[in-house]
Amino acid sequence: MTTAAIHILPEQLVNQIAAGEVVERPASVVKELLENAIDAQASRIVLEVEEAGKKLIRVSDDGAGIPADQAPLALASHATSKIGSRDDLEGITSLGFRGEALASIASVADVRLLTRTADALEATEVTVSGGRADAPRPASGPVGTTVEVRNLFRYVPVRRKFLKTDATEMGHITDQAARIALAYPAVHLTVTHNGRSVYQLPPSESVRERVGAFFGGDLAASLIEVTSEEPGGRLWGLVGPPHVDRATSVMQYLFINGRYVRDRGLLHALREAYRGLLEGRRQPVAFLFLTIPPERVDVNVHPTKIEVRLRDAHLLYGQVLATVRERLLGPGLTPSLPAPAAAGAGEPAARTAAEAESAEAASDRDERVRRAMADFLHSPAAANQRRLPLAGKTALQGGFARKADSDAHRGAPATSPVRVQPARWALRPGTSDRSRLGETAPHGEAFDEAAPGSRAIQIHNTYLVAETEDGILIVDQHALHERVLFEEIMKRLEAGPLQSQRLLMPVTVALSDREMAAVEAYRESLGRLGLEVEPLGPRDVGIQAFPSLLERGDPEGTLRDFLAWVQAVDSPPTPRQVLEELAHVAACHAAVKAGDPLKTEEIEALLAHREAAHMAATCPHGRPTALILRKTDLEKQFGRDYAAGSKAAATDEILPY
Ligand code: ADP
Ligand code: MG
């Protein structure tokens, strides 16, 4: 292809190209300006935003300021006071060093810089508009620096088009403010949006206090302190106990030398520390601060410095893993591993506090399992039936048709905040119809016919094993239960919004600004699921109603996981994806968990729905719900097929039918 002669690009265009890397959205500007204020040793920073930063971003600090003669340079590209030589690059101690941020920003917006050092008699003002800088002029102003950024992307309309709603962009801005606020708790930070105060954070020595300000006092109070000192570095942090988990990794904050980073290795170490303590793909909550010698970390890897290269990556990996793991398994914390049955009678005096706690956890779990399984349990007669029920016949009776006065319901403590008014929803109550799920099962399949005399058992409190006519069925109890609930929710959603139950007491949930924005954006979809959420304060919502179908589900967990997903998806989800995700998180929370011991009748009731496992073969996450070992395969494995047909008698000894 033919092109014009090679030529050097004009500086303005160079900067605009560079800006593409650094300035993606208003929050990127906020990040750069806040970092500059921190680098200038500010003790007080004011961030003012209008129209989510699209109209104005102003950061004022009381830091060192810039000498008058250098003020224009601050806005030039590759101009920095932070490094001077190759050697400096080897040990970066400041947040900035590339000298590119202000120039990049000034190439895509109108910028005004007002600055004054402590020994200057007056301030200096420089404005840049359309990449053209005016001569600096004296102005009045306090010691410190104010940078004002107006009309972001005015000169790159394409970028402007990519900006999301104010709520979303403001969420990103808040997140940047949180990262600085958490890493520098001693700095007074104020944030306002459209003239209204969003955060007022007085100087504090406590990271926990700051976590509380951004993510709610309950979360902050639940966190456990971790600390360790090793030659390679010092680690300090606050981590969530295993029961305070999240659906995604959004609540994992890692700082290296005061800089927020996403380091896959160290985040993996964190996840590993929770191995066996968290269910499936659940993610821990953590705020980790690593201090390491600056020459052991290369921050010059990524334009926004969110990725770094660590010299002692494996040592730090081990440190994070060991420090967090030891704390989680150490004294004073009850691991949420399946606890053994409570201590036998006759020795209560000998029980330690830890044992008492684990017995309490066990009885909580029993209660939870009972609630989760209540839908699947039917008449006492069926419950007593020890045989594996014939699917599609007795087993499906009232599968979803739960009686309002079932034992499980009566067993719920009357004061429980999530308890709802007596159910009205029962699907065809009192009939012996198959549930709608049952109707979708293929009729007369051999699979459906359990071998007479067979029994189902539970293994490791996690898997259900049953004999089928031609082999062995192994089911993941959580995956199956979740699948069944998911299908039911989706089926009902197709017909219209789910019926909801008003909660006797609304569940209050503290949310971040980004989550508040997501609640606003998805209110309608939440409503379709029957999840009614109302704002109670700037960062609190109340769940007023919950789908009656999932009366035993976990309203808070369901909402939190959905919001985490919304924040994690790259492109705007389709309405269908939104509903599926809602159904999925709701089902996941309402289902029995791995590690939940089930009673015989509960096992049977669940397995009665195993056509769902057969039909779909995967839970909504895409994991398999069931495995089938065919008798013929077993025979092969055991070498019983050497003369197929003639040795039938031998086979019968193991699998009689
Ligand atoms: P960098 O931070 O990588 O050096 P910037 O473009 O962000 O590059 O800033 C350029 C220079 O302007 C900085 O090196 C610093 O000397 C000066 N500067 C920017 N913001 C401030 C501030 N808030 N206070 C004092 N000096 C500042
Ligand atoms: Mg900078």
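1. Buried means under 20% relative accessible area, exposed over 50%, and partly exposed in between (1.4 Å probe, protein chains only). In this predicted model, local features need pLDDT of at least 70 and side-chain atom pairs count only at pLDDT 80 or more, while totals for chains, interfaces and linings use all residues. Residues are numbered from 1 along each chain as its sequence is written, chains are lettered from A and ligands numbered from 1 in the order in which they are written, and side-chain values use heavy atoms, with hydrogens and water left out.

2. Helix α5 (101-108) is mostly covered, with eight of its eight residues buried. These are A101, L102, A103, S104, I105, A106, S107 and V108. Helices (H or I, at least four residues) and strands (E, at least two) are DSSP runs, numbered from the N terminus. The cover over α5 includes the helices α1 (11-22), α2 and α3 (71-74), together with the strands β3 (110-116), β4 (123-129) and β7 (144-150).

3. E100 is found in the loop between α4 (86-89) and α5. Is E100 buried or exposed? E100 is buried, at a relative accessible area of 13%. Residues up to four places away in sequence aside, E100 touches V22 and H78; contact means heavy atoms within 4.5 Å.

4. Ligand 1 has 19 residues around it, of which N36, T80, S81, K82 and G99 come nearest; a residue counts as near if one of its heavy atoms lies within 4 Å of the molecule or strand concerned. Both α2 (26-39) and α5 supply at least two residues of this shell.

5. A polar side-chain atom of T80 lies 2.5 Å from an oxygen atom of ligand 1, and a polar side-chain atom of S81 also lies 2.5 Å from an oxygen atom of the ligand. From R98, a backbone N or O atom lies 3.0 Å from an oxygen atom of ligand 1. Taken alone, ligand 1 exposes 530 Å², and the protein buries 93% of that.

Definitions and conventions
Polar contact = N/O pair within 3.5 Å; in protein donor to acceptor, adjacent residues only side chain to side chain. Areas by Shrake-Rupley, 256 points an atom, 1.4 Å probe, with all protein chains shown as cover.
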